[in-house]
Amino acid sequence: MDMQVQVIPPIGLGTFDLQGRAGLEAMNSAIGAGYRHFDTAQSYGTEENVGKAIRRSGIDRREFFITTKITAANLGRIERSLDESLQVMGLDYVDMALIHWPAPDNDPPVCNYIGDLARAQDRRKTRMIGVSNFTRRLVDEAIYEIGGGRLATNQFERHVFLQNRKLARHCRDADILVTAYMPLARGGLDESSDMKRIARKHGATPEQIGLAWLMEMGSVVIPKSANPDRQVVNLAARDVRLDERDMAVIAGLDCGRRYIDPEWGPTWD
Ligand SMILES: NC(=O)c1ccc[n+]([C@@H]2O[C@H](COP(=O)([O-])OP(=O)(O)OC[C@H]3O[C@@H](n4cnc5c(N)ncnc54)[C@H](OP(=O)(O)O)[C@@H]3O)[C@@H](O)[C@H]2O)c1
């Protein structure tokens, strides 16, 4: 396996919901549009489609960046579950493996399992490791256990209505890249007249503005679309450049609107 350092592509395709034949077609169209980064998880039921789409594309595996996430039930068997994911995908390694959620009530605590994720990386099952839905305190617990410089990313909900600046700053200070999930606020960005106005100014769509803003803030984004045209639109957000005025207006849209907040989830800080 080639372990050369590969930069994380700033836009990936979210694959939640992209199951079955329609899901596979959506992944094929995404590859055709130029996506090389896919975000899946053991719990999404989309790992198989991601593997199929990549293998059938005829494109060198090393051009892709594949993230999967370890589900809560597998925290006690991280490496074996990663082996199962690789088998389902038909791949030798993933590029990123994340702990999908901290355990409810932090029981078992982070120190009980994060070392196992680091060992799976040492054994080259994954090129990079990270966490998802980890608060500042939980990030610190993980770093305390496995040392600084090992976690490549923390993936959490981030969009113009939930800017999560404290957590993002905390991650940046620890050299951990932020991956913004649900970056399109589930397709709800056009509710904002400010977003529509900024979009008109740039000849863009509110969704492109939302993605461009996150990338300007230093986050990787993983918008999901099953629609080939919208996949192209989202990828073209790479070409949108926001100015200081736009950034200031968007800063004012933060209203703490959190879409994903399970009662067993961590206490957000
Ligand atoms: N780590 C975690 O716990 C976690 C939690 C949630 C999500 N995620 C990841 O983040 C990814 C993205 O989140 P998400 O899928 O919930 O939400 P999202 O990407 O914010 O929004 C997806 C919705 O927006 C629509 N859409 C996409 N592009 C659009 C465009 N250009 N214009 C208008 N509507 C558009 C999609 O519909 P169409 O498909 O019809 O285009 C879909 O309904 C997930 O797929 C998953 O990979 C991770």
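This is a predicted model: local features need pLDDT of at least 70, side-chain atom pairs count only at pLDDT 80 or more; totals for chains, interfaces and linings use all residues.
Helix α4, residues 110-122, packs against helix α5, residues 136-146, at an angle of about 60 degrees. Their axes are 9 Å apart. By that convention, α4 and α5 are therefore oblique to each other. The crossing of α4 past α5 is right-handed. Who makes the contact? On the α4 side we have Val110, Cys111, Ile114, Gly115 and Ala118, and from α5 come Leu138, Glu141, Ala142, Glu145 and Ile146. Sorted by class, that contact has seven nonpolar residues, one polar and two charged.

The largest pocket has a volume of about 660 Å³, and 29 residues line it. Nearest its centre you will find Phe16, Met182, Arg186, Ile222 and Lys224. Which helix gives the most to this lining? That is α9, residues 228-235, with three residues. The pocket lining is made up of twelve nonpolar, ten polar and seven charged residues.

There is also one cavity of 30 Å³ or more in the whole structure. The volume of the largest cavity is about 40 Å³. Strands β2 (37-39), β3 (65-70), β4 (94-99) and β6 (151-157) each supply at least two residues of its lining. Among the lining residues are His37, Asp39, Phe65 and Thr67. By class, the cavity lining has four nonpolar, five polar and one charged.

Definitions and conventions
Residues are numbered from 1 along each chain as its sequence is written. Side-chain values use heavy atoms; hydrogens and water are left out. Axes are lines fitted to C-alpha atoms, for helices over the stretch in contact, and angles run from 0 to 180 degrees between N-to-C directions. Helices (H or I, at least four residues) and strands (E, at least two) are DSSP runs, numbered from the N terminus. Angles under 35 degrees count as roughly parallel, over 145 as roughly antiparallel, 65 to 115 as roughly perpendicular and the rest as oblique. A crossing is left-handed if the near helix is turned anticlockwise from the far one by less than a right angle, and right-handed if clockwise. Contact means heavy atoms within 4.5 Å. Ala, Val, Leu, Ile, Met, Phe, Trp, Tyr, Cys and Pro count as nonpolar, Asp, Glu, Lys and Arg as charged, and the others, Gly among them, as polar. On a 1 Å grid over the protein atoms alone, a cavity is a set of points where a 1.4 Å probe fits but cannot get out, and a pocket is an open set with protein on both sides within 12 Å along at least five of seven lines; lining residues have an atom within 4 Å of a point. Grid points are joined across faces, edges and corners, and a volume is the space filled by probe spheres set on the points.
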